[in-house]
Amino acid sequence: MSEVKNPAIVYISPAELVVHPKLIEIYGENEERPALEKSISERGIIESLKVSARTGVNVVLAGKCRLQIARQLGIDSVKVEFVESGSPEEDLKLVLDFNLHREGGKTHYQKFHEGQYWESVLRPQAKERQRQSARRLNQSNDSNLNHSVTESKSQLGKGKRVIQEVSENLNISVGSYHKGKKVFELISQLRELEKFKAVVALEMEFNRSIDAAYKFVCNQDICNQVIDLLEADEIGSIGDGIAWMLNGERNPFRRFQLDQVYLFKKRLRPELEIVGRVIGITNEFVVFGLRNLVNMSLEIVNLRPRQIDAELQDEPSASQRKRIFHLMQKFSDVFPVQVSLAELLKLSNLTEKEEVLLRMYESDVFEKTWEDYKTQMKAMEVSTNREKDNIRAA
(Lines give C-alpha, C1' and ligand atoms only; values in the text may rest on other atoms or scores of the structure.)
Protein backbone atom coordinates (compact mmCIF):
# COMPACT_ATOMS: atom_id res chain seq x y z
CA MET A 1 0.00 0.00 0.00
CA SER A 2 1.30 3.47 -0.86
CA GLU A 3 2.09 5.83 1.96
CA VAL A 4 0.38 9.18 2.32
CA LYS A 5 2.48 11.79 0.48
CA ASN A 6 2.33 15.54 0.92
CA PRO A 7 -0.76 15.46 3.13
CA ALA A 8 -1.74 19.04 2.26
CA ILE A 9 -5.16 20.02 3.49
CA VAL A 10 -7.53 21.44 0.87
CA TYR A 11 -11.15 22.57 0.99
CA ILE A 12 -13.58 21.38 -1.64
CA SER A 13 -17.35 21.33 -2.13
CA PRO A 14 -19.31 18.34 -0.69
CA ALA A 15 -20.90 18.03 -4.14
CA GLU A 16 -17.51 16.96 -5.54
CA LEU A 17 -17.24 13.97 -3.18
CA VAL A 18 -18.68 10.45 -3.35
CA VAL A 19 -18.59 7.88 -0.54
CA HIS A 20 -16.79 4.56 -0.96
CA PRO A 21 -19.45 1.81 -1.32
CA LYS A 22 -17.86 -0.26 1.45
CA LEU A 23 -18.50 2.52 3.98
CA ILE A 24 -22.19 2.51 3.07
CA GLU A 25 -22.32 -1.31 3.12
CA ILE A 26 -20.81 -1.53 6.62
CA TYR A 27 -22.15 1.57 8.38
CA GLY A 28 -25.33 2.28 6.42
CA GLU A 29 -26.23 5.19 4.19
CA ASN A 30 -27.48 7.48 6.98
CA GLU A 31 -26.31 7.40 10.59
CA GLU A 32 -27.57 9.31 13.61
CA ARG A 33 -24.58 11.08 15.20
CA PRO A 34 -26.11 13.98 17.23
CA ALA A 35 -22.91 14.76 19.17
CA LEU A 36 -20.87 14.97 15.96
CA GLU A 37 -23.55 17.09 14.29
CA LYS A 38 -23.56 19.50 17.25
CA SER A 39 -19.76 19.73 17.16
CA ILE A 40 -19.66 20.42 13.42
CA SER A 41 -22.44 23.02 13.62
CA GLU A 42 -20.55 24.88 16.37
CA ARG A 43 -16.88 24.37 15.41
CA GLY A 44 -16.87 23.12 11.83
CA ILE A 45 -15.11 19.96 10.62
CA ILE A 46 -11.93 19.62 12.67
CA GLU A 47 -10.55 16.33 11.34
CA SER A 48 -10.13 16.18 7.57
CA LEU A 49 -11.90 13.65 5.37
CA LYS A 50 -9.56 11.08 3.79
CA VAL A 51 -10.09 10.99 0.03
CA SER A 52 -8.65 9.02 -2.89
CA ALA A 53 -8.62 10.48 -6.40
CA ARG A 54 -7.13 7.35 -7.99
CA THR A 55 -9.90 6.97 -10.58
CA GLY A 56 -10.36 10.69 -11.24
CA VAL A 57 -13.33 10.76 -8.84
CA ASN A 58 -12.94 12.07 -5.29
CA VAL A 59 -13.85 9.00 -3.23
CA VAL A 60 -14.24 9.40 0.55
CA LEU A 61 -12.44 6.60 2.39
CA ALA A 62 -13.00 8.04 5.88
CA GLY A 63 -15.44 10.73 6.96
CA LYS A 64 -18.78 9.52 5.63
CA CYS A 65 -20.71 10.95 8.60
CA ARG A 66 -18.85 14.26 8.50
CA LEU A 67 -19.72 14.60 4.82
CA GLN A 68 -23.37 13.64 5.47
CA ILE A 69 -23.68 16.26 8.23
CA ALA A 70 -21.93 18.92 6.14
CA ARG A 71 -24.49 18.40 3.40
CA GLN A 72 -27.36 18.57 5.89
CA LEU A 73 -26.02 21.83 7.38
CA GLY A 74 -25.42 23.35 3.94
CA ILE A 75 -21.67 23.77 4.48
CA ASP A 76 -20.04 25.07 1.27
CA SER A 77 -16.66 23.34 1.60
CA VAL A 78 -15.13 20.57 3.70
CA LYS A 79 -11.60 19.87 4.85
CA VAL A 80 -10.03 17.08 2.75
CA GLU A 81 -6.73 15.22 2.83
CA PHE A 82 -5.90 13.29 -0.35
CA VAL A 83 -4.21 9.91 0.08
CA GLU A 84 -2.49 7.83 -2.58
CA SER A 85 -3.68 4.38 -3.55
CA GLY A 86 -2.72 2.18 -6.47
CA SER A 87 -5.68 -0.21 -6.72
CA PRO A 88 -9.24 -0.95 -5.58
CA GLU A 89 -7.74 -3.38 -3.05
CA GLU A 90 -5.62 -0.61 -1.56
CA ASP A 91 -8.70 1.64 -1.41
CA LEU A 92 -10.53 -1.03 0.56
CA LYS A 93 -7.56 -1.56 2.87
CA LEU A 94 -7.45 2.18 3.59
CA VAL A 95 -11.20 2.24 4.29
CA LEU A 96 -10.81 -0.44 6.96
CA ASP A 97 -7.57 0.99 8.36
CA PHE A 98 -8.95 4.52 8.72
CA ASN A 99 -12.15 3.31 10.36
CA LEU A 100 -10.63 0.67 12.68
CA HIS A 101 -10.94 2.93 15.74
CA ARG A 102 -13.90 4.91 14.46
CA GLU A 103 -15.39 7.38 16.95
CA GLY A 104 -19.05 7.13 17.91
CA GLY A 105 -19.03 3.39 18.50
CA LYS A 106 -19.84 0.50 16.19
CA THR A 107 -22.63 -2.03 16.30
CA HIS A 108 -21.80 -5.72 16.49
CA TYR A 109 -23.01 -6.11 12.92
CA GLN A 110 -20.62 -3.40 11.71
CA LYS A 111 -17.73 -4.98 13.61
CA PHE A 112 -18.31 -8.38 12.03
CA HIS A 113 -18.54 -6.79 8.60
CA GLU A 114 -15.04 -5.49 9.26
CA GLY A 115 -13.99 -8.87 10.67
CA GLN A 116 -14.96 -10.54 7.39
CA TYR A 117 -12.53 -8.24 5.61
CA TRP A 118 -9.70 -8.70 8.11
CA GLU A 119 -9.97 -12.47 7.81
CA SER A 120 -9.77 -12.24 4.01
CA VAL A 121 -6.54 -10.25 4.38
CA LEU A 122 -4.89 -12.12 7.25
CA ARG A 123 -5.62 -15.73 6.30
CA PRO A 124 -3.63 -15.65 3.02
CA GLN A 125 -0.76 -14.06 4.94
CA ALA A 126 -0.93 -16.83 7.55
CA LYS A 127 -0.95 -19.53 4.85
CA GLU A 128 2.05 -17.95 3.19
CA ARG A 129 3.92 -18.00 6.51
CA GLN A 130 3.03 -21.67 6.87
CA ARG A 131 4.34 -22.44 3.40
CA GLN A 132 7.59 -20.60 4.11
CA SER A 133 8.03 -22.48 7.39
CA ALA A 134 7.35 -25.78 5.61
CA ARG A 135 9.97 -24.99 2.99
CA ARG A 136 12.50 -24.14 5.66
CA LEU A 137 11.65 -27.37 7.44
CA ASN A 138 12.18 -29.44 4.27
CA GLN A 139 15.48 -27.73 3.55
CA SER A 140 16.79 -28.31 7.03
CA ASN A 141 19.25 -31.15 7.64
CA ASP A 142 17.83 -31.54 11.09
CA SER A 143 15.49 -34.55 10.88
CA ASN A 144 14.87 -34.75 14.62
CA LEU A 145 11.26 -35.89 15.19
CA ASN A 146 10.81 -33.59 18.18
CA HIS A 147 11.83 -30.65 15.99
CA SER A 148 9.15 -31.59 13.46
CA VAL A 149 6.51 -31.81 16.12
CA THR A 150 7.52 -28.42 17.49
CA GLU A 151 7.40 -26.91 14.01
CA SER A 152 3.93 -28.39 13.44
CA LYS A 153 2.71 -26.84 16.67
CA SER A 154 4.14 -23.56 15.48
CA GLN A 155 2.10 -23.79 12.29
CA LEU A 156 -1.07 -24.42 14.32
CA GLY A 157 -0.29 -21.45 16.52
CA LYS A 158 0.03 -19.16 13.53
CA GLY A 159 -3.40 -20.26 12.30
CA LYS A 160 -4.96 -19.44 15.67
CA ARG A 161 -3.41 -15.99 15.73
CA VAL A 162 -5.56 -14.91 12.77
CA ILE A 163 -8.73 -15.19 14.85
CA GLN A 164 -6.92 -13.65 17.80
CA GLU A 165 -5.77 -10.67 15.75
CA VAL A 166 -9.19 -10.14 14.18
CA SER A 167 -10.84 -10.31 17.61
CA GLU A 168 -8.40 -7.76 18.98
CA ASN A 169 -9.07 -5.46 16.03
CA LEU A 170 -12.79 -5.69 16.76
CA ASN A 171 -12.25 -5.37 20.53
CA ILE A 172 -14.23 -8.53 21.37
CA SER A 173 -13.25 -11.92 22.80
CA VAL A 174 -12.32 -14.89 20.60
CA GLY A 175 -15.33 -16.82 21.94
CA SER A 176 -17.72 -14.00 21.07
CA TYR A 177 -16.16 -13.74 17.63
CA HIS A 178 -16.79 -17.43 16.91
CA LYS A 179 -20.41 -17.06 18.06
CA GLY A 180 -20.95 -13.81 16.20
CA LYS A 181 -19.65 -15.25 12.93
CA LYS A 182 -22.47 -17.78 12.91
CA VAL A 183 -25.07 -15.02 13.39
CA PHE A 184 -23.43 -12.77 10.78
CA GLU A 185 -23.43 -15.60 8.24
CA LEU A 186 -27.18 -16.17 8.73
CA ILE A 187 -27.88 -12.44 8.33
CA SER A 188 -25.93 -12.50 5.06
CA GLN A 189 -27.88 -15.55 3.85
CA LEU A 190 -31.21 -13.91 4.70
CA ARG A 191 -30.15 -10.79 2.81
CA GLU A 192 -29.35 -12.89 -0.27
CA LEU A 193 -32.79 -14.51 0.04
CA GLU A 194 -34.31 -11.00 0.26
CA LYS A 195 -35.88 -11.73 3.65
CA PHE A 196 -35.29 -8.17 4.71
CA LYS A 197 -37.72 -8.04 7.65
CA ALA A 198 -35.91 -10.96 9.24
CA VAL A 199 -32.57 -9.29 8.43
CA VAL A 200 -33.56 -6.12 10.31
CA ALA A 201 -34.90 -8.04 13.32
CA LEU A 202 -31.91 -10.38 13.60
CA GLU A 203 -29.47 -7.51 13.17
CA MET A 204 -31.20 -5.66 16.04
CA GLU A 205 -30.99 -8.74 18.26
CA PHE A 206 -27.34 -9.24 17.25
CA ASN A 207 -26.47 -5.63 18.13
CA ARG A 208 -28.25 -6.05 21.47
CA SER A 209 -26.49 -9.27 22.46
CA ILE A 210 -24.13 -11.59 20.60
CA ASP A 211 -24.90 -14.45 23.01
CA ALA A 212 -28.69 -14.10 22.70
CA ALA A 213 -28.53 -13.95 18.90
CA TYR A 214 -26.20 -16.96 18.83
CA LYS A 215 -28.54 -19.07 21.01
CA PHE A 216 -31.44 -18.11 18.77
CA VAL A 217 -29.59 -19.08 15.58
CA CYS A 218 -28.45 -22.40 17.07
CA ASN A 219 -32.07 -23.40 17.83
CA GLN A 220 -32.91 -24.03 14.19
CA ASP A 221 -36.52 -25.10 14.77
CA ILE A 222 -37.49 -21.90 16.60
CA CYS A 223 -35.21 -19.79 14.39
CA ASN A 224 -36.85 -20.90 11.14
CA GLN A 225 -40.38 -20.44 12.50
CA VAL A 226 -39.62 -16.97 13.85
CA ILE A 227 -38.08 -15.93 10.52
CA ASP A 228 -41.31 -17.00 8.78
CA LEU A 229 -43.39 -15.01 11.30
CA LEU A 230 -41.23 -11.92 10.80
CA GLU A 231 -41.57 -12.12 7.03
CA ALA A 232 -45.34 -12.56 7.41
CA ASP A 233 -45.47 -9.35 9.51
CA GLU A 234 -46.99 -11.23 12.45
CA ILE A 235 -44.31 -10.01 14.88
CA GLY A 236 -41.78 -7.20 15.03
CA SER A 237 -38.79 -8.63 16.87
CA ILE A 238 -36.85 -11.80 17.65
CA GLY A 239 -37.82 -11.57 21.33
CA ASP A 240 -41.53 -11.50 20.55
CA GLY A 241 -41.09 -14.40 18.14
CA ILE A 242 -39.40 -16.51 20.80
CA ALA A 243 -42.19 -15.64 23.28
CA TRP A 244 -44.72 -16.68 20.67
CA MET A 245 -43.03 -20.05 20.18
CA LEU A 246 -42.57 -20.76 23.87
CA ASN A 247 -46.00 -19.57 25.03
CA GLY A 248 -48.00 -20.82 22.08
CA GLU A 249 -49.57 -17.40 21.49
CA ARG A 250 -50.34 -16.55 17.88
CA ASN A 251 -49.80 -12.87 18.54
CA PRO A 252 -48.64 -11.80 22.03
CA PHE A 253 -49.93 -8.25 21.44
CA ARG A 254 -53.41 -9.27 20.40
CA ARG A 255 -54.92 -9.22 23.89
CA PHE A 256 -53.83 -5.64 24.61
CA GLN A 257 -55.73 -2.51 23.59
CA LEU A 258 -55.19 1.18 24.23
CA ASP A 259 -56.72 2.57 27.47
CA GLN A 260 -57.17 -0.88 29.07
CA VAL A 261 -56.39 -1.06 32.79
CA TYR A 262 -54.43 -4.02 34.22
CA LEU A 263 -53.85 -5.19 37.78
CA PHE A 264 -50.33 -6.63 38.09
CA LYS A 265 -49.71 -9.74 40.20
CA LYS A 266 -46.87 -7.86 41.90
CA ARG A 267 -45.53 -4.33 41.78
CA LEU A 268 -43.06 -3.63 38.99
CA ARG A 269 -41.16 -1.47 41.47
CA PRO A 270 -41.93 -0.84 45.15
CA GLU A 271 -42.81 2.82 44.55
CA LEU A 272 -45.18 2.17 41.62
CA GLU A 273 -48.92 1.61 41.88
CA ILE A 274 -49.94 -1.97 41.17
CA VAL A 275 -52.55 -0.86 38.60
CA GLY A 276 -51.53 0.54 35.20
CA ARG A 277 -53.18 1.78 32.01
CA VAL A 278 -52.12 0.84 28.46
CA ILE A 279 -51.17 4.15 26.82
CA GLY A 280 -49.27 2.83 23.79
CA ILE A 281 -48.44 -0.29 21.78
CA THR A 282 -45.29 -0.48 19.62
CA ASN A 283 -43.71 -3.24 17.57
CA GLU A 284 -41.80 -4.39 20.66
CA PHE A 285 -43.54 -3.07 23.76
CA VAL A 286 -46.82 -2.53 25.51
CA VAL A 287 -46.50 0.93 27.11
CA PHE A 288 -48.08 1.39 30.54
CA GLY A 289 -48.78 4.53 32.53
CA LEU A 290 -48.44 3.96 36.28
CA ARG A 291 -48.52 6.34 39.22
CA ASN A 292 -45.41 6.83 41.31
CA LEU A 293 -46.76 6.68 44.88
CA VAL A 294 -43.81 8.64 46.28
CA ASN A 295 -44.32 11.86 44.31
CA MET A 296 -47.73 10.98 42.76
CA SER A 297 -46.39 11.67 39.25
CA LEU A 298 -46.96 9.63 36.10
CA GLU A 299 -44.30 7.08 35.10
CA ILE A 300 -44.03 5.38 31.72
CA VAL A 301 -43.03 1.69 31.67
CA ASN A 302 -42.30 -0.33 28.50
CA LEU A 303 -42.94 -4.08 28.82
CA ARG A 304 -42.69 -6.91 26.35
CA PRO A 305 -45.86 -9.04 26.28
CA ARG A 306 -44.12 -11.98 27.91
CA GLN A 307 -43.09 -9.75 30.84
CA ILE A 308 -46.68 -8.75 31.66
CA ASP A 309 -48.09 -10.78 34.52
CA ALA A 310 -51.37 -8.94 35.03
CA GLU A 311 -55.14 -9.28 34.72
CA LEU A 312 -57.47 -7.01 32.79
CA GLN A 313 -59.74 -4.87 34.99
CA ASP A 314 -63.04 -3.10 34.38
CA GLU A 315 -62.59 0.59 33.64
CA PRO A 316 -62.36 2.28 37.09
CA SER A 317 -62.64 5.89 35.87
CA ALA A 318 -65.26 5.85 33.11
CA SER A 319 -67.22 8.90 34.33
CA GLN A 320 -64.10 10.95 34.99
CA ARG A 321 -62.67 10.13 31.55
CA LYS A 322 -65.93 11.24 29.93
CA ARG A 323 -65.64 14.58 31.73
CA ILE A 324 -62.01 14.92 30.68
CA PHE A 325 -62.81 14.35 27.00
CA HIS A 326 -65.58 16.97 27.22
CA LEU A 327 -63.18 19.51 28.75
CA MET A 328 -60.51 18.81 26.12
CA GLN A 329 -63.04 19.66 23.45
CA LYS A 330 -64.25 22.74 25.33
CA PHE A 331 -60.74 24.14 25.87
CA SER A 332 -59.19 22.92 22.63
CA ASP A 333 -57.47 26.30 22.17
CA VAL A 334 -55.86 26.33 25.64
CA PHE A 335 -52.64 24.36 25.36
CA PRO A 336 -51.73 24.12 29.10
CA VAL A 337 -55.19 22.78 29.89
CA GLN A 338 -54.94 20.29 27.01
CA VAL A 339 -51.59 19.02 28.34
CA SER A 340 -52.78 18.55 31.92
CA LEU A 341 -55.96 16.76 30.80
CA ALA A 342 -54.04 14.48 28.42
CA GLU A 343 -51.73 13.45 31.26
CA LEU A 344 -54.73 12.65 33.49
CA LEU A 345 -56.00 10.24 30.80
CA LYS A 346 -52.81 8.17 31.17
CA LEU A 347 -53.54 7.34 34.82
CA SER A 348 -55.79 4.49 35.92
CA ASN A 349 -57.57 6.64 38.50
CA LEU A 350 -57.46 10.18 39.87
CA THR A 351 -56.52 11.43 43.33
CA GLU A 352 -58.73 13.82 45.32
CA LYS A 353 -56.52 16.76 44.32
CA GLU A 354 -56.79 15.82 40.65
CA GLU A 355 -60.57 15.59 41.02
CA VAL A 356 -60.51 19.12 42.48
CA LEU A 357 -58.55 20.29 39.42
CA LEU A 358 -61.16 18.70 37.16
CA ARG A 359 -63.95 20.49 38.98
CA MET A 360 -62.09 23.78 38.73
CA TYR A 361 -61.87 23.41 34.93
CA GLU A 362 -65.59 22.65 34.90
CA SER A 363 -66.54 25.66 37.05
CA ASP A 364 -68.09 28.86 35.75
CA VAL A 365 -65.37 30.83 37.52
CA PHE A 366 -62.60 29.25 35.44
CA GLU A 367 -64.56 29.63 32.21
CA LYS A 368 -65.33 33.30 32.93
CA THR A 369 -61.70 33.96 33.89
CA TRP A 370 -60.54 32.44 30.62
CA GLU A 371 -63.08 34.43 28.59
CA ASP A 372 -61.98 37.65 30.33
CA TYR A 373 -58.33 36.78 29.58
CA LYS A 374 -59.09 36.21 25.88
CA THR A 375 -60.95 39.55 25.72
CA GLN A 376 -57.99 41.38 27.28
CA MET A 377 -55.52 39.70 24.93
CA LYS A 378 -57.64 40.64 21.91
CA ALA A 379 -57.82 44.27 23.09
CA MET A 380 -54.05 44.37 23.57
CA GLU A 381 -53.55 42.96 20.07
CA VAL A 382 -55.81 45.62 18.54
CA SER A 383 -53.97 48.35 20.46
CA THR A 384 -50.57 47.05 19.34
CA ASN A 385 -51.66 46.95 15.70
CA ARG A 386 -52.88 50.55 15.91
CA GLU A 387 -49.55 51.69 17.30
CA LYS A 388 -47.72 49.95 14.46
CA ASP A 389 -50.02 51.59 11.90
CA ASN A 390 -49.38 55.03 13.46
CA ILE A 391 -45.62 54.49 13.36
CA ARG A 392 -45.73 53.48 9.69
CA ALA A 393 -47.94 56.48 8.89
CA ALA A 394 -45.48 58.82 10.62
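Trainee: What kind of model is it, and how are residues numbered?

Mentor: It is a predicted model, where local features need pLDDT of at least 70, side-chain atom pairs count only at pLDDT 80 or more, and totals for chains, interfaces and linings use all residues. Residues are numbered from 1 along each chain as its sequence is written, and side-chain values use heavy atoms, with hydrogens and water left out.

Trainee: Sheets then. What is the strand order in the open sheet with antiparallel pairing?

Mentor: The order is 9-8-7-6-10, with 5 strands. Strands here are DSSP runs of E, at least two residues, and helices are runs of H or I, at least four residues, numbered from the N terminus. Two strands pair if DSSP finds at least two bridges between them.

Trainee: Which strands stand at the edges?

Mentor: Strand 9 (298-303) and strand 10 (310-313). Each has a single partner strand, so one side of each is left without a neighbour in the sheet. Neighbouring strands are turned by 35 degrees against each other on average, direction ignored.

Trainee: How many bridges join strand 8 and strand 9?

Mentor: Strand 8 (residues 286-292) pairs with strand 9 over 6 bridges, in the antiparallel sense. Arg 291 has Leu 298 in strand 9 as its bridge partner.

Trainee: And the sheet with mixed pairing, what's its order?

Mentor: That open sheet of 5 strands runs 1-5-3-4-2. Strand 1 (9-12) and strand 2 (17-19) are the edge strands, and each pairs on one side only.

Trainee: How do strand 2 and strand 4 run?

Mentor: They run parallel, joined by 3 bridges. Leu 17 stands opposite Asn 58 in strand 4. Helix 4 packs on this sheet and touches strand 3, strand 4 and strand 5 (78-83). Contact means heavy atoms within 4.5 Å. The direction of helix 4 makes about 40 degrees with that of strand 4.

Trainee: Switching to helix pairs. At what angle do helix 12 and helix 14 pack?

Mentor: Helix 12 (residues 318-330) and helix 14 (residues 352-362) pack at about 40 degrees, with axes 11 Å apart. Axes are lines fitted to C-alpha atoms, for helices over the stretch in contact, and angles run from 0 to 180 degrees between N-to-C directions. That makes helix 12 oblique to helix 14. Under 35 degrees counts as roughly parallel, over 145 as roughly antiparallel, 65 to 115 as roughly perpendicular, and the rest as oblique.

Trainee: Which residues meet there?

Mentor: Gln 320, Arg 323, Ile 324 and Leu 327 in helix 12 meet Glu 355, Leu 358, Arg 359, Tyr 361 and Glu 362 in helix 14. By class, the contact has 4 nonpolar, 1 polar and 4 charged residues. Ala, Val, Leu, Ile, Met, Phe, Trp, Tyr, Cys and Pro count as nonpolar, Asp, Glu, Lys and Arg as charged, and the others, Gly among them, as polar.

Trainee: What about helix 7 and helix 9, how do they cross?

Mentor: The axes of helix 7 (residues 174-192) and helix 9 (residues 210-218) come within 9 Å and cross at roughly 55 degrees. That makes helix 7 oblique to helix 9.

Trainee: Last one: how many salt bridges are there?

Mentor: The whole structure has 18. Each is a side-chain nitrogen of Lys or Arg within 4 Å of a carboxyl oxygen of Asp or Glu. Arg 54 forms one with Asp 91, the closest N and O atoms being 2.9 Å apart. Arg 54 lies in the loop between strand 3 (49-52) and strand 4 (58-62) and Asp 91 in helix 4 (residues 88-98), so the pair ties together parts 37 residues apart in sequence.
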